[in-house]
Amino acid sequence: WTSWTHPVTQAKYSLSLISARRLSTEDLDACYCLIEETSRADYEASTTGWKPGKKIAEMKSPDLRYIVVKNEEGIIRGFTSLMPTYEEGEPVVYCYEIHLTTELQRYVHRNIFTL
């Protein structure tokens, strides 16, 4: 899928798969801001704490792939970061993070079991 229409609001979103190497600085910054908005408090409450430099370095890991969700204005409204790799000779994909803006969180939380 390269697009999705919100079934309630009818807002249209584009979906794209991008490697960390090809993610623009602007999009990387937008993803970072979304993490800060949705999860900074959780990081701060954890034993490792909130470390912006470390988080940005992690987000630039060359093996990461991003599925980026943008609204019609081209603004990032959500993303997931994934890492395809091999474990014990088998192909696996690790999901590192999923971050959604509030308008998408509400829909996904209500409909997660119907997807």
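By class, how many nonpolar, polar and charged residues does the lining of the largest cavity have?

Reply: The lining of the largest cavity has 6 nonpolar, 1 polar and 2 charged residues. Here Ala, Val, Leu, Ile, Met, Phe, Trp, Tyr, Cys and Pro count as nonpolar, Asp, Glu, Lys and Arg as charged, and the others, including Gly, as polar.

Some ground rules come next. The model is predicted, so local features need pLDDT of at least 70 and side-chain atom pairs need pLDDT 80 or more, while totals for chains, interfaces and linings use all residues. Residues are numbered from 1 along each chain as its sequence is written, and side-chain values use heavy atoms, with hydrogens and water left out.

What is a cavity? On a 1 Å grid over the protein atoms alone, it is a set of points where a 1.4 Å probe fits but cannot get out. A pocket is an open set, with protein on both sides within 12 Å along at least five of seven lines. Lining residues have an atom within 4 Å of a point. Points are joined across faces, edges and corners, and a volume is the space filled by probe spheres set on them.

Searching the whole structure turns up 1 cavity of 30 Å³ or more. The largest cavity holds about 30 Å³ of space. Its lining is made of I35, E58, M59, L64, Y66, F79, S81, Y96 and E97. Two or more of these residues come from each of α2, β4 and β5. Those labels are DSSP runs numbered from the N terminus: helices (H or I) have at least four residues, and strands (E) at least two.

Buried means under 20% relative accessible area, exposed means over 50%, and partly exposed is in between (1.4 Å probe, protein chains only). An α-helix has 3.6 residues a turn, so residues three or four places apart point the same way.

Stay with α1 for its shape. It has 21 residues (25–45), which should span 30 Å at 1.5 Å a residue, and its end C-alpha atoms are 28 Å apart, which agrees. The expected span is 1.5 Å times one less than the number of residues. The helix bends by about 70° at S39. That bend is the angle between axes fitted to the seven residues ending there and the seven starting there.

D27 touches K70 and I76, leaving aside residues up to four places away in sequence; contact means heavy atoms within 4.5 Å.

Next, look at the second largest pocket. About 160 Å³ of space lies there. Y43, T48, G49, W50, K51, K54, K55 and E58 line it. Helix α2 (residues 52–59) gives the most, with 3 residues. The lining divides into 2 nonpolar, 2 polar and 4 charged residues. Note that E58 is named in this lining and in the cavity lining.

Strand β4 deserves a look as well. T85 lies in it and is partly exposed, with a relative accessible area of 30%. T85 touches E90, P91, V92 and Y94, again leaving aside residues up to four places away. E88 is found in the loop between β4 and β5. It has a positive phi of about 55° although it is not a glycine, and at 77% relative accessibility it counts as exposed.

Finally, step back to the whole chain. It has 3 helices and 5 strands, in the pattern β-β-α-α-β-β-β-α. Of its 115 residues, 32% count as buried. Its C-alpha atoms fill a box of roughly 40 × 35 × 30 Å along the principal axes.
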